[in-house]
Amino acid sequence: MGVNMTPKERVKKIFSKEKPDRLACFSGMGNVTVEGLKKYDYAFYEIHLDAEKMANAACTSYELYGFECAVAPFDLGVEAEVLGAEMNFYTHKSKEDIVYPTVKKKAINEPEDLNVPEKIEEKGRVPLVLKALEIMQKKVGEEVPVATYILGPYTLAGQIMDLEKLLKMSFKNPDRINELLSQLTDFLVELGRIYQDAGIDYLTVREMGAPTDVLSPRMFKNLILPHLKELFSKLKEPTVLHICGDTNMIVELMWQSGATAISVEQKNDVAKTREKLGEEAIIFGNIDPYGTLVLGTAEDIRNAVKKAIDGGVSSVWPGCDIWPTVSKENMLTFVEAVKEFGKLQ
């Protein structure tokens, strides 16, 4: 076992199922904070549209709090934009406004309307993200892992077509949705490989549009899982599958996807998940990023971290993007609690 590892060394050990010096406190999702934006005097909307600002903002959570990663981008519209969706970046907002980019106009009306462009590395904001990752690697990549994420096929489908129509068709016309998901999977494999070839340390697939709050475990198994298996089989490790919401009934299926690790949020009973999946599974989670990290007291944060570690997480992750208004004090408490409770014998 190593002593005084860098965050990058620590995270690599965790993904390879070797014993690190302690559990890590990191994420595969957005973790930019208002405090980080203040460091550079950035408006929130700027960090989605400028590679250098995106990279600088992504590094601040490590620089300010010791949070053990640098992840970009911060919104969920990159893939949809490449496929033809129109985005709203809210550039008219003030520096103080925290409004994430949203899809203003969907890319398709029907599944058959999908048109995947060639040379996606040149389309939309993909070049911007690639440039940001390059800057991040130069800036902090020696010490901390640099990562990015892509959407899962079903979540992406909900970004490019009407969500209500998607859900109805998933039940009534699953064959049409299945074909759409197959095409989106091929697209995401290509995009994931582009990011991985850029030298990232891990890739998270965010399939948060498919929890059991929305789809039954049976539908997840029949409609969602085959495409996730296809996706992960064609990507290089390490990879993480993240699904928001109540995932207790599908954690075995999540683990069957072929991802190197799975990430769960606060609705998931981590102790039961560990019991179901056994000691070999790599499980990240499951701190409430708003209710605990933003609204909680120092005691709340420490208790949540201890509960997650006692429940058997392989490392401590927020259950989704950290909400940017989290205080510096709470972020420092979060990281320090993991250092304290995450020591390994």
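Trainee: Against which elements do the buried residues of α13 pack?

Mentor: They pack against α3 (51-65), β8 (283-287), α12 (298-311) and β9 (315-318). Please keep in mind that this is a predicted model. The buried residues of α13 are Asn-330, Met-331, Thr-333, Phe-334, Val-335, Ala-337 and Val-338. In an α-helix there are 3.6 residues a turn, so residues three or four places apart point the same way.

Trainee: What span should the 14 residues of helix α13 have, and how far apart are its end C-alpha atoms?

Mentor: Helix α13 covers residues 328-341, and at 1.5 Å a residue it should span 20 Å. Its end C-alpha atoms are 20 Å apart, so the two values agree. Helix α8, residues 174-197, can be treated likewise: its 24 residues should span 34 Å, and its end C-alpha atoms are 34 Å apart, again in agreement. After α8 comes Gly-199, whose phi is positive, near 95 degrees.

Trainee: Which residues touch the most other members of the largest nonpolar core?

Mentor: The general idea is that, in soluble globular proteins, nonpolar side chains tend to be buried together. Here the largest nonpolar core has 121 residues, and Met-136, Tyr-195, Phe-220 and Phe-334 touch the most other members. Helix α8 gives the most to this core, with ten residues. Leaving aside neighbours within four places in sequence, Met-136 is in contact with residues including Ala-55, Ala-58, Cys-59, Val-146 and Ala-147.

Trainee: Is Gly-192 buried or exposed?

Mentor: Gly-192 lies in helix α8. Its relative accessible area is 0%, so Gly-192 is buried. Not counting residues up to four places away in sequence, Gly-192 touches Ile-150, Leu-203 and Leu-235. Gly-192 and Leu-235 are 43 residues apart in sequence, yet 6.8 Å apart in space, C-alpha to C-alpha.

Trainee: Where is Thr-33 found?

Mentor: Thr-33 is in the loop between α1 (7-15) and α2 (34-40). Thr-33 counts as buried because its relative accessibility is 0%. Residues up to four places away in sequence aside, Thr-33 touches Ser-61, Tyr-65, Pro-324 and Val-326.

Trainee: How many aromatic pairs does the count come to?

Mentor: A pair of aromatic rings is described by the distance of the centres and the angle of the planes. The count comes to eleven aromatic pairs. One of them is formed by Tyr-40 and Tyr-42, which are stacked, at 5.3 Å centre to centre and with 15 degrees between the planes. Tyr-40 is partly exposed, with a relative accessible area of 26%, whereas Tyr-42 is buried, with 12%. Tyr-100 and Trp-323 form a tilted pair, at 5.7 Å centre to centre and 45 degrees between the planes. Tyr-100 lies in the loop between β2 (86-88) and β3 (102-105), and Trp-323 in the loop between β9 and α13, so this pair ties together parts that are 223 residues apart in sequence. Ring pairs also link Phe-15, Phe-26, Tyr-202, Phe-284 and Trp-317 into a cluster.

Trainee: Which residue lies over the face of Tyr-149?

Mentor: That residue is Arg-206, at 4.7 Å from the ring centre of Tyr-149.

Trainee: How many disulfides does a search of the whole structure find?

Mentor: A disulfide is a covalent bond between the sulfur atoms of two cysteines. The search of the whole structure finds zero disulfides. The closest cysteine sulfur to that of Cys-244 is in Cys-320, 3.9 Å away, which is too far for a bond. Cys-244 is buried, with a relative accessible area of 13%, while Cys-320 is partly exposed, with 21%.

Trainee: Which residues does a cis peptide bond join?

Mentor: Pro-73 lies in the loop between β1 (70-71) and α4 (78-82). Another cis peptide bond joins Gly-285 and Asn-286, with omega about -20 degrees. Asn-286 is found in strand β8.

Trainee: What is the phi of Asp-41?

Mentor: The phi of Asp-41 is near 60 degrees, a positive value in a residue other than glycine. Asp-41 is in the loop between α2 and α3 and is exposed, with a relative accessible area of 52%. Lys-17, also not a glycine, has a positive phi of about 65 degrees. Lys-17 is found in the loop between α1 and α2 and is partly exposed, with a relative accessible area of 46%.

Terms used
Residues are numbered from 1 along each chain as its sequence is written. This is a predicted model: local features need pLDDT of at least 70, side-chain atom pairs count only at pLDDT 80 or more; totals for chains, interfaces and linings use all residues. Side-chain values use heavy atoms; hydrogens and water are left out. Helices (H or I, at least four residues) and strands (E, at least two) are DSSP runs, numbered from the N terminus. The expected span of a helix is 1.5 Å times one less than its number of residues. Buried means under 20% relative accessible area, exposed over 50%, partly exposed in between (1.4 Å probe, protein chains only). Contact means heavy atoms within 4.5 Å. Rings of Phe, Tyr and Trp (its six-membered ring) pair if their centres lie within 6.5 Å; planes under 30 degrees apart count as stacked, over 60 as edge-to-face and the rest as tilted. A charge sits over a ring if NZ of Lys or CZ of Arg is within 6 Å of the ring centre and within 35 degrees of the ring normal. A disulfide is a pair of cysteine sulfur atoms within 2.5 Å. A nonpolar core is a set of buried Ala, Val, Leu, Ile, Met, Phe, Trp, Tyr and Cys residues joined through side-chain atoms within 4.5 Å.
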